[in-house]
Structures are given as structure tokens and as C-alpha cells.
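I opened this entry to keep a record of what I looked up in one structure.

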Amino acid sequence: LHKCRKWSALRNTLVDLRTFDIMYNGEQLKEELFGYWRTLIEGPLFMSDELEASILMDKPMNNEDELLNELSDASRAGLSDSQIRKKRLTGQMAPFDI
């Protein structure tokens, strides 16, 4: 599911209590479980390899200062926070709030 970029399916699998119990209590799977959770929470969750490559080539991942600058520019242009955030997530899925 991770390699196929099926983020919702991955999340649904991890929140299944039986799956979580098996992975959490199995020493070999615990690190993998935490890696999946980290990916789902931190993102970015690109929808395809092509979109990831094109977005990362255009510009490196933004840090917090750049995000604040973009939000300030959007405010001056009359755009809402949600409009600029939606634009930033083009080709991506928003990380999960777990």
C-alpha cells in the first residue's frame, strides 16, 4: 500500500486493532509500523511518482518560513488560507491528523 501510494487504505489497515496489535507486539514489525505512521502524519503524500518528481524538481520542500511568506502573500492577494494550502497540495494528499 505504501509503494502503491494508497494512503487511505494504508491508514485504514494500520488503525485496524488486530493489525496494529500484530505489528506493535512483533519486534520485527514495530519499526515498520512506526515508519508508516510517520509517513502518514508528516507527509508529503504524493499521488504518483511522476507528480512527486515534478514537484520536487520545480522547488525543494518548503520550510515553515517559506510557508508563512506564502500565506502572507496570499492574504495580500485576497486569497484565504485554505485556497493557498490547497494550491500547495497539488498532486498530493493532505497528511492525516491521527
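**Layout.** I read the pattern of the protein chain along the sequence as α-α-α-β-α-α-α-β. The count of secondary structure is six helices and two strands, where helices (H or I, at least four residues) and strands (E, at least two) are DSSP runs numbered from the N terminus.

**Ground rules.** The model is predicted, so I kept in mind that local features need pLDDT of at least 70 and side-chain atom pairs count only at pLDDT 80 or more, while totals for chains, interfaces and linings use all residues. Residues are numbered from 1 along each chain as its sequence is written, and side-chain values use heavy atoms, with hydrogens and water left out.

Buried means under 20% relative accessible area, exposed over 50%, and partly exposed in between (1.4 Å probe, protein chains only). Contact means heavy atoms within 4.5 Å. Of the contacts in the protein chain with a separation of 6 or more, 55% are between residues 24 or more positions apart.

**Core.** Which residues make up the largest nonpolar core? I listed nine: Trp7, Leu10, Leu14, Met23, Leu33, Trp37, Leu40, Leu45 and Phe96. Helix H1 (7-15) and helix H3 (27-42) each supply at least two residues of this core. A nonpolar core here is a set of buried Ala, Val, Leu, Ile, Met, Phe, Trp, Tyr and Cys residues joined through side-chain atoms within 4.5 Å.

**H2 against H3.** I found that the axes of helix H2 (residues 17-25) and H3 come within 5 Å and cross at roughly 120°. H2 is therefore oblique to H3. Axes are lines fitted to C-alpha atoms, for helices over the stretch in contact, with angles from 0 to 180 degrees between N-to-C directions. Angles under 35 degrees count as roughly parallel, over 145 as roughly antiparallel, 65 to 115 as roughly perpendicular and the rest as oblique. On the H2 side the contact includes Phe20, Ile22 and Met23; on the H3 side, Leu33, Phe34 and Trp37 are among the residues. The residues of this contact of H2 with H3 divide into nine nonpolar, one polar and three charged. Ala, Val, Leu, Ile, Met, Phe, Trp, Tyr, Cys and Pro count as nonpolar, Asp, Glu, Lys and Arg as charged, and the others, Gly among them, as polar.

**H1 against H3.** The axes of H1 and H3 come within 11 Å and cross at roughly 135°, which means that H1 is oblique to H3. I recorded Trp7, Leu10, Arg11, Leu14 and Val15 of H1 meeting Leu33, Tyr36, Trp37, Thr39 and Leu40 of H3. The residues of the contact of H1 with H3 divide into eight nonpolar, one polar and one charged.

**Single residues.** Leaving aside neighbours within four places in sequence, I found leucine 33 in contact with Leu14, Phe20, Met23 and Tyr24.

Is phenylalanine 20 buried or partly exposed? At 29% relative accessibility, phenylalanine 20 counts as partly exposed. Phenylalanine 20 lies in helix H2 and touches Leu14, Leu33 and Trp37, not counting residues up to four places away in sequence.

Arginine 38 has its place in helix H3 and is partly exposed, with a relative accessible area of 46%.
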